[in-house]
Amino acid sequence: MKTRRLGRTGARVSELCFGTMSFGGDADEAVSGALYSACRDAGVDFFDCADVYAGGRSEEILGRLIKGHRDEVFITSKCAMGPHKGASRRTIRLSCEASLRRLGVDRIDLYFMHVFDETVPLEETLRALEDLRAAGKVAHIGCSNYAAWQIAKANGIAAREGFAPFEVIQPMYNLIKRQAEVEILPLAMAEDLGVISYGPGAGGLLTGKYVQGADGRFSVNQDYQKRYGDAWFHDVAAAFAAFAADRGVHPMTLAVAWAKAHPAISCPIIGARSVEQLRASLDAANFDMSPELHAEIAALSRTPSPATDRLEEQGG
Ligand SMILES: NC(=O)c1ccc[n+]([C@@H]2O[C@H](COP(=O)([O-])OP(=O)(O)OC[C@H]3O[C@@H](n4cnc5c(N)ncnc54)[C@H](OP(=O)(O)O)[C@@H]3O)[C@@H](O)[C@H]2O)c1
């Protein structure tokens, strides 16, 4: 597996990051262990986690799995959506300490704000993160699900106050959810931010399995039913799965490879509930995505509107 540079952190990580959201939930401890081993065997050294995944069990399982070789892997966790909700100084400190305990480590390599909290001034959030960084409890900080203006505002404040900036961002990005192309990914390129994008397979929708009546996350998870509720999302998924089948490629392989090919993206975060599912996503590491194929796939979906309404200077 190739490695990629993670923005300005100086770290090099595997070009696929494995997301542990299934650990302790869709995947029991034994399956989680098998997923972890399959990732390690394939050369993955980058694991994304959060305090909210499976009520903390994901962190506990990941912590047990990395024991004995902790410094061979680069791990993340997140706060603001777990038991201590929000982005205040108090909740960030409590969340981080609980995550360190569950993971059984004394440092988290990359610590994310999971969502923006509009009730807390960014100065307060950034000071809390700076305190964690100065104490050596986290090495780098990032944010997930922030709008581009929120990231830019935060890093402006960090520069002014002498706090560590957000060096890595974690937006949703896949063939159906392409909003990040408008502001977030251009910002990341302009500011040399690392980008680890989540949901490359649109939570499994892009496999096309729901067209065939199969079960999965969408059968039970109302958040995902809502997130991907528009009819055209399902039309794109069906067209994409047929496109992949015509070319003899697993749709998950193609979906992950498509996200990975965006020049702003450092590593897509892949997810699976079984080793069999995982294989198709891991295969994306060796898939050669030509610019022509990338454009053909993009044309199966809708290109989001540009950030400003004046089109004549944009070649639009
Ligand atoms: N920051 C955030 O807010 C946020 C949000 C979501 C995820 N994440 C991170 O990103 C990671 C990946 O996200 P994701 O799980 O949504 O990624 P994804 O690649 O879009 O979806 C993965 C899901 O698709 C289904 N799937 C995967 N491979 C398949 C295959 N070969 N055949 C059929 N179905 C398959 C499985 O769900 P089913 O079997 O249930 O259908 C699997 O759990 C997470 O683990 C987490 O670390 C972050």
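Predicted model: local features only at pLDDT ≥ 70, side-chain atom pairs only at ≥ 80, totals over all residues.

Visitor: Okay, so at what angle do helix α9 and helix α10 pack?

Guide: Helix α9 (residues 231-246) and helix α10 (residues 251-260) pack at about 105°, and their axes are 9 Å apart. Angles of 65 to 115 degrees count as roughly perpendicular, so α9 and α10 are roughly perpendicular to each other.

Visitor: Which residues meet there?

Guide: From α9 you have Phe 240, Ala 241, Phe 243 and Ala 244, and they meet Pro 251, Leu 254 and Ala 255 of α10. Sorted by class, this contact has seven nonpolar residues, with no polar and no charged ones.

Visitor: What about α2 and α3, how do their axes cross?

Guide: The axes of helix α2 (residues 57-66) and helix α3 (residues 89-103) cross at roughly 45° and come within 7 Å. That angle makes α2 oblique to α3.

Visitor: And who makes that contact?

Guide: On the α2 side it is Glu 59, Glu 60, Leu 62 and Gly 63, while α3 brings Ser 99, Arg 102 and Leu 103. The contact of α2 with α3 divides into two nonpolar, two polar and three charged residues.

Visitor: New topic! Where is Thr 207 found?

Guide: Thr 207 sits in the loop between β9 (194-198) and α7 (217-220). A polar atom of the Thr 207 side chain lies 2.6 Å from the backbone oxygen of Gly 204. The side chain of Thr 207 also reaches the backbone nitrogen of Lys 209, at 3.2 Å.

Visitor: What does Thr 207 touch beyond its neighbours within four places in sequence?

Guide: Leaving those neighbours aside, Thr 207 is in contact with Ala 241, Pro 251 and Met 252.

Visitor: Now the ligand. How many residues surround it?

Guide: There are 32 residues around the ligand, and the closest are Asp 48, Gly 203, Lys 209, Arg 217 and Arg 273. By class, the shell divides into twelve nonpolar, 15 polar and five charged residues. β10 (267-270) and α11 (275-282) each supply at least two residues of that shell.

Visitor: Which polar side-chain atom lies 2.8 Å from an oxygen atom of the ligand?

Guide: That one belongs to Asn 145. A polar side-chain atom of Tyr 210 lies 3.5 Å from a ligand oxygen, and a polar backbone atom of Gly 199 is 3.5 Å from an oxygen atom of the ligand.

Visitor: And how much of the ligand's accessible area does the protein cover?

Guide: The protein covers 94% of the 900 Å² of accessible area that the ligand has on its own.

Key
Residues numbered from 1 in each chain as written. Heavy atoms only, no water. Near = heavy atom within 4 Å. Polar contact = N/O pair within 3.5 Å; in protein donor to acceptor, adjacent residues only side chain to side chain. Areas by Shrake-Rupley, 256 points an atom, 1.4 Å probe, with all protein chains shown as cover. Helix = DSSP H or I, 4+ residues; strand = E, 2+ residues; numbered from the N terminus. Nonpolar A, V, L, I, M, F, W, Y, C, P; charged D, E, K, R; others polar. Axes fitted to C-alpha atoms, helices over the stretch in contact; angles between N-to-C directions. Parallel < 35°, antiparallel > 145°, perpendicular 65-115°, else oblique. Contact = heavy atoms within 4.5 Å.
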